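Visitor: I am new to this structure. Please show me how to read some of its features.

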Amino acid sequence: MVKFDVDASSGSQPGGGRKIGLALGSGSARGLAHIGVLRAIREAGIEVNLIAGSSMGAVVGAIFASGNLEGLAANLSRFDWRNIAAMLDPIFPRSGLIEGQKIAEFVRAHIPDTRIEDLPIPFRSVAVDITSGEEVVIEIGDLIEAVRASISVPGIFTPVRSNGRILVDGGLINPVPVSVVRSMGADLIIAVDLNHDIVSSRLSRPGSLVESKVSTPAISRLVEGLGSRENAALSQLRAWLNKEPLPGIFEVLLASIYIMQARITQVTLQHDMPDILIQPPLGAVRFMEFDRAEEIIEIGYQCAADQLSAWNKAAGDRA
């Protein structure tokens, strides 16, 4: 166990204590690492006073703020692809491919019906108004609706209408909401960035985005059997079989979002650095790989424990 030492005498809060804020970043299934990070924080003896989350960070942050994090972890440990499929509610594409109500129901099972302002730990969910491009920091109102808005990945999940706005994933413009936690009054900020290696780990891997060829051995044998015969249809079939495959729409949407979030995260963290930055190496984890929950949580835990230990040692050296 790493014991984390916060110098209370240097804080500006009443009684000399420092308010510790936690910024949980976006990351789809990679966001399960937040559970491990929070375990490491708890073991280090750190009391989190403020939380803000974008996308999956909003889900885990809301559940932690309501006091049921371990219930979520226990549920996810039993996850397989059947559970994942059960959370999806595909619709005829209009504003998104997935309605998102089943995911909201899953979150509701781990959070009591409550309003954000009634949580024992102050919490903010970050979303984006798709019509104006403005960041929307949700600090009052229905907790489930706030979380549902923050996870609405454009093109994948349908947006959420709220107070005259149309809201989508907060990770579009604030993937690691350090600025939000700072505005809440945090004196020391711990941030979790899950986008730092998403491009290098996945998008640069040859064939990682490309669909497998839909041709079958039977079709290939048919073309070979026709030998040197030539006609327009056969020429088109040969060209189709030999054509370089392209990514599907799902892969294109996700890859575009990953690239954008990685670049935005890099820039925003350069201008608004947290005191402690935790970056679990999870770039190779795919969008819906929630069946790898235990592995992802453990990576988050180990990365956080190492970073907290290093920060604590550095703080001791500075003292």
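**Reading the features**

Guide: R292 has a relative accessible area of 25%, so R292 is partly exposed. Buried means under 20% relative accessible area, exposed means over 50%, and partly exposed lies in between (1.4 Å probe, protein chains only). This is a predicted model, in which local features need pLDDT of at least 70, side-chain atom pairs count only at pLDDT 80 or more, and totals for chains, interfaces and linings use all residues. Residues are numbered from 1 along each chain as its sequence is written, and side-chain values use heavy atoms, with hydrogens and water left out.

Visitor: With which residue does R292 form a salt bridge?

Guide: Side chains of opposite charge can pair when their charged atoms come close. A salt bridge here is a side-chain nitrogen of Lys or Arg within 4 Å of a carboxyl oxygen of Asp or Glu. The partner of R292 is E295, with the closest N and O atoms 2.8 Å apart. E295 is partly exposed, at 38% relative accessible area.

Visitor: How many salt bridges does the structure hold?

Guide: There are seven. One of them joins R115 to E117, with 2.7 Å between the closest N and O atoms. Another joins the side chains of D129 and R165 at 3.0 Å, N to O. D129 lies in strand β4 and R165 in strand β8, so this pair ties together parts that are 36 residues apart in sequence. D129 is buried, with a relative accessible area of 5%, whereas R165 is partly exposed at 30%. A network of salt bridges links D129, E134 and R165.

Visitor: In which sense do β4 and β8 pair?

Guide: Strands (E, at least two residues) and helices (H or I, at least four) are DSSP runs, numbered from the N terminus. Two strands pair if DSSP finds at least two bridges between them. Strand β4 (residues 123-129) and strand β8 (residues 165-169) are antiparallel, with three bridges. A127 has D169 in β8 as its bridge partner.

Visitor: What do β7 and β8 form?

Guide: They form a hairpin with two residues between them, and N163 in the turn has a positive phi of about 50°. Strand β7 (residues 160-162) runs antiparallel to β8 and is joined to it by three bridges. S162 has R165 as its bridge partner in β8.

Visitor: Is helix α2 mostly covered or mostly open?

Guide: Helix α2 (residues 56-66) is mostly covered, with ten of its eleven residues buried. Among them are M56, V59 and I63. G67 follows α2 and has a positive phi, near 90°.
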